[in-house]
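Me: I am new to this structure and would like to learn how to read the charged pairs in it. Could you take me through them with some care?

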Amino acid sequence: MSEFDNVATPDDVLKLAAQRTGLTDTESDSWRDGLAVILDEVNTSPAFTPAGRERIIDDATNALGRRLQIHDYIQTHPEVLDAPVERPLIVLGMPRTGTTLVERILSSHSQVASAGESQNFGVLLKRACRTPSPQVLDEATLAQSLRVDLQALGRDYVDRTRPPGWAHP
């Protein structure tokens, strides 16, 4: 029997996340509707194997647990909300997950400048890996990426995507 067998609602996932973190206080319910759609799909669609269903619910539980932890940290240390962000803020995510909206909201602030959407990271990773194939993210490149200096790659990415006129952080 799995801890996910009887998970059918967002409250069930919240209960699991609370058990894992010891926290129960959420800052809002904005996550509920989206999670309800996901749970409905994994619980009713024949496209999901039991293992696939468990993986998705486990991922959702972990994500909600992180949300609980972040909320708890902010409640305990509200001064973090006043701390200036002096380094680049990078928004990344899978397609169609809201990253463009997040980037636009952030860059609407007068003290935030946006580099826009960038496809540079894959190209820079390919260059750092020095793999011979013409594909940017092929199997050899992904395998070689485990040996890349990630700090150097990150600095290169920030340098190449910084909007004109920005100073180095």
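Reply: Let us begin with a term we shall need: a residue is called buried when its relative accessible area is under 20%, exposed when that area is over 50%, and partly exposed in between. Please keep in mind that this is a predicted model, in which the chain averages a pLDDT of 87 and 96% of the residues score at least 70.

Me: How many salt bridges does the structure hold?

Reply: Side chains of opposite charge can pair when their charged atoms come close. In this structure there are 8 salt bridges, and one of the groups is a network that links Glu-3, Arg-20 and Asp-58.

Me: Is Asp-138, which forms a salt bridge with Lys-126, buried or exposed?

Reply: Asp-138 has a relative accessible area of 14%, and therefore counts as buried, and Lys-126, at 11%, is buried as well. Their closest N and O atoms are 3.1 Å apart. The two residues lie 12 apart in the chain, with Lys-126 in helix H5 and Asp-138 in the loop between helix H5 and helix H6.

Me: Which residue meets Arg-67 in a salt bridge?

Reply: The partner of Arg-67 is Glu-27, at 2.5 Å from N to O. This pair joins distant parts of the chain, 40 residues apart, as Arg-67 belongs to helix H3 and Glu-27 to the loop between H1 and helix H2. Arg-67 is partly exposed at 27%, and Glu-27 is also partly exposed, at 41%.

Me: What separates Arg-160 and Asp-156 in helix H7?

Reply: About one helical turn separates them, because they are 4 residues apart in that helix, and their side chains meet in a salt bridge of 2.6 Å, N to O.

How values were computed
Residues numbered from 1 in each chain as written. Predicted model: local features only at pLDDT ≥ 70, side-chain atom pairs only at ≥ 80, totals over all residues. Heavy atoms only, no water. pLDDT = per-residue confidence, 0-100. Salt bridge = Lys/Arg side-chain N within 4 Å of Asp/Glu carboxyl O. Buried < 20%, exposed > 50% of the residue type's maximum accessible area, 1.4 Å probe, protein only.
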